[in-house]
Amino acid sequence: MSFLDDLGQKIGDFGEYAGAFCRSAAVKTEDQISAAKLRSAIRTQERILSGTYENIGRRYCEQKAEENDPAFSEDLEKIRSAKEEIRRLGEELSALVRTKRCPNCGHENAASAKFCSSCGCSLQDTEKSGNGHTPENTAEESDFVQDDEQDT
Ligand SMILES: [Zn+2]
């Protein structure tokens, strides 16, 4: 019977070990949750910091652009060319995904949209050079507009 006794002892030891392991795991999990909360709180404050720095930078740049400050001419030129590139890429994207950019607010609408879903401006005169054929409103395009509206 010594083998069975031994086995019983081993199972008992394992039970104790498992219990201790679970208790330490529970403590560990609580610590991990607290750590995750702290990391998230730190990230929130970091976002506030970088957002505020960005705002200060933007306002400062606008002021420097008005003053035509030569010390900032290189950075201001970078901003100008980045804005121009964003506009050009946006036009390329519009052509690719067949969206209609609102002439009033710049919002991307489905190609079949008659009015801007953002500002309500009429989009009907923007493509007068077309063949007069109105493209069918596909389900995909409707989804796209809905997703867009949820974002704003
Ligand atoms: Zn618009």
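The predictor's confidence in each residue is given by pLDDT, on a scale from 0 to 100. The structure described here is a predicted model, and over residues 126–152 pLDDT stays under 50. For this stretch the model has 19 contacts beyond four places in sequence. Where pLDDT is low, the predicted coordinates should not be read in detail.

Across the protein, the mean pLDDT is 78, and 75% of the residues reach 70 or more. Among the elements, the highest mean pLDDT, 89, belongs to helix 2 (residues 73–97). The lowest, 47, belongs to helix 3 (residues 139–151).

The protein contains three helices and two strands. Along the sequence these elements follow the pattern α-α-β-β-α. Burial is limited to 5% of the 152 residues. Of the contacts with a separation of 6 or more, 24% are accounted for by residues 24 or more positions apart.

Helix 2 is hardly covered, as the count of buried residues among its 25 residues is zero. Just after helix 2, Arg98 takes a positive phi of about 55 degrees.

Technical notes
Residues numbered from 1 in each chain as written. Predicted model: local features only at pLDDT ≥ 70, side-chain atom pairs only at ≥ 80, totals over all residues. Helix = DSSP H or I, 4+ residues; strand = E, 2+ residues; numbered from the N terminus. Buried ≥ 20, exposed ≤ 12 C-beta atoms within 10 Å, placed from the backbone. Contact = placed C-beta atoms within 7 Å.
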